[in-house]
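Please read the following report alongside the sequence and the model.

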There are 4 protein chains.
Amino acid sequence: MATLADFGPETVAEVKQVRQVVADLHKQLITWNLVVWTAGNVSQCLRTADLLVIKPSGLRYEYLTPDSMVVCDLDGNVVDGAEAPSSDTASHAYIYRHMPGVYGVVHTHSTYATAWAATGQNIPCGLTMMGDEFGGPVPVGPFRLIGSEAIGKGVVDTLRQYPHSSAVLMRNHGPFVIGKDAEDAVKAAAMTEEVAHTMWAARQIGDIIPIEQSDVDRLNDRYQHVYGQH
Amino acid sequence: MATLADFGPETVAEVKQVRQVVADLHKQLITWNLVVWTAGNVSQCLRTADLLVIKPSGLRYEYLTPDSMVVCDLDGNVVDGAEAPSSDTASHAYIYRHMPGVYGVVHTHSTYATAWAATGQNIPCGLTMMGDEFGGPVPVGPFRLIGSEAIGKGVVDTLRQYPHSSAVLMRNHGPFVIGKDAEDAVKAAAMTEEVAHTMWAARQIGDIIPIEQSDVDRLNDRYQHVYGQH
Amino acid sequence: MATLADFGPETVAEVKQVRQVVADLHKQLITWNLVVWTAGNVSQCLRTADLLVIKPSGLRYEYLTPDSMVVCDLDGNVVDGAEAPSSDTASHAYIYRHMPGVYGVVHTHSTYATAWAATGQNIPCGLTMMGDEFGGPVPVGPFRLIGSEAIGKGVVDTLRQYPHSSAVLMRNHGPFVIGKDAEDAVKAAAMTEEVAHTMWAARQIGDIIPIEQSDVDRLNDRYQHVYGQH
Amino acid sequence: MATLADFGPETVAEVKQVRQVVADLHKQLITWNLVVWTAGNVSQCLRTADLLVIKPSGLRYEYLTPDSMVVCDLDGNVVDGAEAPSSDTASHAYIYRHMPGVYGVVHTHSTYATAWAATGQNIPCGLTMMGDEFGGPVPVGPFRLIGSEAIGKGVVDTLRQYPHSSAVLMRNHGPFVIGKDAEDAVKAAAMTEEVAHTMWAARQIGDIIPIEQSDVDRLNDRYQHVYGQH
């Protein structure tokens, strides 16, 4: 098995920085009400090596520190860290191996996104915010058992059919969300829950007015290329 | 392009004070649960010059400071500030140009207000709080794409039909809210979400009992002229 | 008009203490998510004089201090304080004049309680917590305009028909809640919203199983006489 | 009556430690939004003696300290503590007497779990998280009045029929939850509310897709034996 000593100083420095980033982002999961107790996890893939940094399994959020984050290779083997990694590590690793450009993955069981997942329905695209962030509906992925990379494969297969979406609602389970780094994925996880909640609430009071696909495309294009600081 | 140096000391002083006010009010959007991540923005129009102060685009709320707020003229051009202004700046500017007496504008995607917007329905007036704050139902505005002043025009056109309302629910998008200053607009944005949530919840358990228009008018008149400290 | 100087040192001391209590309890309205912005108010009636201490009108919760609380007589006239008192002062005063044993009154627009009020329905008694706190359903009161003691009269008239209840849902408006002191009333206001929310949620998924009246009576008797520290 | 002086130094030391644990865990009930005002309670059974440590009756959460926790024997008699113990003490004691391996009990009135309880329906098992934590649906228990051990008996009788569940929704009342210690029970109480909320939300938008029992069994087995740090 490899250890961190097998990697160069650039990677050691990146590990240190990413441990801090990933530990801090778990607090954002709490801030935006996306997780309960120990459910949910964030990882980031390194730029300088085929390694990822992920939450340890079953630790309460208030006890998470940069040092408790676990470094694994992209087959899910532990390379550095005293704790066992998240049960979802193999699925995070699968996503990084198969999706170039993805350097952040988040999994939550956030309430309304998971409600859509329990009924096997995509979240319909009735919000400009959905055009921006997801380029259409948020898709449901297949039912898969935890503990292998089967969930990761289900995520990747679903995103190939929905190339603009950053989220998949795994059936009867909850959202998996990708980003260009971990912060970007956490943002998309927060947006996933927000649009899930809003579309759920809209469904209770009437028919959701669909947005024309040409308008969805325009929103998505602008958001991906113009929004924010450049 | 103008810079802040083209304006007198009164305006420079007002910019400084309003930057603080607008930065602080963004925290109120979080406190009252009106925004997620970077969505939503507050602006205030100056009294001493045709300028507005608004949130920068795509910055996380915890990183907002008075200095990061952006000063623009009423055509949406940046006059002072290191960051790109909110994507909604042109619409805020349009509102200030066309609505004398309005010195504060807020935009959110708050959950229940946006749910009404996604179904294209006004929030019916079934609460004394709605008589107070909106003088009747909260109206839905047209569907408009972001990035130009088209949203601002949709807001102004809708408010001309609903002169007592301080909020418009832009269809499939979310609320735009006006006030006599930014704080007044943030208050109205919080009220918009509260009445949207309450009327939504009422709709699930029975028929909302309408309030007589004469009573709505009395409530609105008293609230606008008697309530609070004078 | 009377001033505080017309009252003895016992009353001056009680005013000082009750100002602190009432200011602190307004923070509990925020903690338990019962109010938005400046909506809602708490008062306590003195033991040593026919005076009440109440929130000033239209001030943001974060700016409330003991000194900003207003002292009024039981006709609603200001006796001490620099601010205008709550618009609901005359109704609080009416309740104290007509209900011996009541020394605390709270008014909120809490979301789910107000949703029941907007449909004109009592909250049905389907929870042991409701038997404990309200001795049956939480009743709806009549529609009344704000600004006079008409709301207070509507509260008192309704509670005479529901002698075990500590709350009335004023139609299209929101809950008014009484207690043996202000803290007791704030507790009952928090319970009112909690049972309103729970019964509302239950109504969405099936038929609420009623509790036998004899069991409700037993619960209410025990809670009022055995629960807590004696 | 026994006092703490009748027990050895090991038990005195354990009481001190468990008082701290139980007081701290009450804060988690607030963090995860499981209780209002004074409703809800946590206890832990000692390893070194047939004693339990439980919340005092009717005290606000912000005033709870390790010293205010009450030590009782497993018949519910007070052994140490200045306050009266929770009204549910006899039921906690009954559970410890009849369920070997259970050292933590939590009772809440959390909103959505209690909504299911008010309609007398089990929470259907439509989430992998439910397979993990409860091994199937979360069962409803019988209607029982508070104040004796009748509730505890209802909990134990129900769990005998649902041996993988850690929670029972007492009808018209709220959840009782067990664990291998108090922290484990608080975690399960948080999970109970989360799955109650998610399944409730799913029910509003469509049919919940059931999970095959063989998959539920696999999830439950893995979660109980592999998840977390070992």
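A residue is called buried when its relative accessible area is under 20%, exposed when over 50%, and partly exposed in between, with a 1.4 Å probe and protein chains only. Helices (H or I, at least four residues) and strands (E, at least two) are DSSP runs, numbered from the N terminus. The model is predicted, so that local features need pLDDT of at least 70 and side-chain atom pairs count only at pLDDT 80 or more, while totals for chains, interfaces and linings use all residues. Residues are numbered from 1 along each chain as its sequence is written, chains are lettered from A and ligands numbered from 1 in the order in which they are written, and side-chain values use heavy atoms, with hydrogens and water left out.

**A buried helix in chain C**

All 9 of the 9 residues of helix α3 (residues 111-119) of chain C are buried, so this helix is largely enclosed by the rest of the structure. Among these buried residues are C:Tyr112 and C:Trp116. Their cover, where contact means heavy atoms within 4.5 Å, includes α6 (182-205) of chain B as well as β7 (167-170), β8 (174-179) and α6 (182-205) of chain C. After α3(C) comes C:Gly120, which has a positive phi, near 70°.

**Chain A as a whole**

Chain A holds 7 helices and 8 strands. Its radius of gyration, taken over C-alpha atoms, is 17 Å, close to the 17 Å that the globule rule (2.2 Å times the number of residues to the power 0.38) gives for 230 residues, so chain A is as compact as a globular protein of that length. Of its 230 residues, 63% count as buried, and residues 24 or more positions apart account for 64% of the contacts with a separation of 6 or more.

**The sheet of chain A**

The 8 strands of chain A form an open sheet with mixed pairing, in the order β4-β3-β2-β1-β5-β8-β7-β6; two strands pair if DSSP finds at least two bridges between them. At the edges stand β4 (78-80) and β6 (140-141), each with a single partner strand, so one side of each is left without a neighbour in the sheet. Strand β1 (residues 41-45) and strand β2 (residues 51-54) of chain A pair in the antiparallel sense over 3 bridges, and A:Gln44 has A:Val53 in β2(A) as its bridge partner.

| Chains | Distance between nearest C-alpha atoms |
|---|---|
| Chain A and chain C | 11 Å |
| Chain B and chain D | 11 Å |
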